Amino acid sequence: MTVPGNPDRPTYAMLNGEVVPFSEARISIMAPGLTFAVTVFEGFRAYWNERDAQLYVFRMAEHLRRQAFSMALIELDAPPSEKEIAAQIIQILLANQIREDSYIRSQAYVDDWGDMTATGPVGSSVICRKRPRTGAFESGKHFATSSWRRNAEDASPPRIKATANYLNSRLAGLEAQHAGFGGAVILNRDGTVAEGPGGCIFLRRGETLITPGPTDGILESVTRDTLLRLARDNDIEVEVRSVGRTELYLADEAFYCGTGQELTPMLSVDRKPVGSGEPGPVTRLLQSLYDDVVRGRNERYADWLTPVWPDGA
Ligand code: PMP
């Protein structure tokens, strides 16, 4: 299932709508997608359900809608439709015989050779790879506030999933790593909490779960939306509003979330323990609710799951 020596690499990738060996999925070295980062992408997770012998892609429609918005904002000529990408995702999971928790990345870019305003020719690709849950789901991580500010809405809008935005994430991630932290909190220009390099932030103060809003410099995260819905459905009071840096120090608990890392408890921020310094009870409750939903153990949210195998695997 994988290329020897590269355990994460799938055998097949989807390139411009065709299944090809991963090693043959190539783009031009002068592609504006590379030279000027004219690329947008999406990251999805698929979860294996043992009982149903089925692989479920989580909230595929919402991720595809976000990719469509990202592609429209950077003005790609005739990019693949949501329906086409959806079919390609299923096809590549089947081609690689995926029957375990995995991650899918879909991307669209300007290929060949062109200047920074080139809108075509558009290339697209989809890959999938095995991706078990990270250990930090259980253990949590220590975070530090980054000295890098989140890229601004009026400069390089965080609302779209453009690869260009990940320079900012990389700088913050590297800084945190060099200082010995597991994660970064990135503030926006106003000095309030935006998000982390690859995920959104929630905190609890007393009875209330709080998360920054869509104008605070965040990607409109599917996981964040899922957790807001699960919290409300379970009578947890929720506030969406700007969050001051020092509120993280005052919080009773906090966590970081996104498709890839799911929910990561934030044990401390800037070496100050968050709450007890251990993963908090609401974090643990939401982790358990989330796990049931993504794995198809909660019928109420069955609409969020797209089965991959035609009649179970
Ligand atoms: N913010 C950033 C910068 C991200 O890269 C991600 C991961 N996609 C998220 C937030 C979380 O978004 P989602 O829950 O849709 O994966």
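**Loop with Pro 121**

I began at Pro 121, which sits in the loop between strand 7 (102-110) and strand 8 (122-130). Helices (H or I, at least four residues) and strands (E, at least two) are DSSP runs, numbered from the N terminus. I noted that residues are numbered from 1 along each chain as its sequence is written. I also noted that the model is predicted: local features need pLDDT of at least 70, side-chain atom pairs count only at pLDDT 80 or more, and totals for chains, interfaces and linings use all residues.

I looked up the peptide bond from Gly 120 to Pro 121 and found it cis, with omega near -5 degrees. Most residues other than glycine have a negative phi, and most peptide bonds are trans.

**Positive phi**

I then checked Ala 78, in the loop between helix 2 (60-73) and helix 3 (82-95). Phi of Ala 78 is positive, near 35 degrees. Is Ala 78 buried or exposed? Ala 78 counts as exposed because it has 10 C-beta neighbours inside 10 Å. The cut-offs are 20 or more other C-beta atoms within 10 Å for buried, 12 or fewer for exposed, and partly exposed in between, with C-beta atoms placed from the backbone.

Asp 235 lies in the loop between helix 6 and strand 14 (237-240). Asp 235 is not a glycine, yet its phi is positive at about 60 degrees. Asp 235 is exposed, with 6 other C-beta atoms within 10 Å.

I traced an open sheet of seven strands in the order 4-3-8-7-5-6-18, with antiparallel pairing. Two strands pair if DSSP finds at least two bridges between them. Strand 4 (18-21) and strand 18 (305-307) stand at the edges with a single partner strand each, so one side of each has no neighbour in the sheet.

Strand 3 (residues 12-15) runs antiparallel to strand 4 and is joined to it by four bridges. Leu 15 has Glu 18 of strand 4 as its bridge partner. The two strands form a hairpin with two residues between them, and Asn 16 in the turn has a positive phi of about 50 degrees.

**Strand 12**

How many residues of strand 12 (residues 200-205) are buried? I found five of its six residues buried. Strand 12 pairs antiparallel with strand 15 (residues 253-258) over five bridges. Phe 202 faces Phe 255 across that pair. Strand 12 also runs antiparallel to strand 13 (residues 208-211), with three bridges. Arg 205 stands opposite Thr 208 there. In this hairpin, Gly 206 takes a positive phi near 60 degrees.

**The ligand shell**

I listed the surroundings of the ligand: 13 residues, the closest being Ser 221, Val 222, Thr 223, Gly 258 and Thr 259. A residue is near a molecule or strand if its C-beta atom, placed from the backbone, lies within 6 Å of it. Helix 6 gives the most to this shell, with three residues. The shell has three nonpolar, eight polar and two charged residues. Ala, Val, Leu, Ile, Met, Phe, Trp, Tyr, Cys and Pro count as nonpolar, Asp, Glu, Lys and Arg as charged, and the others, Gly among them, as polar.
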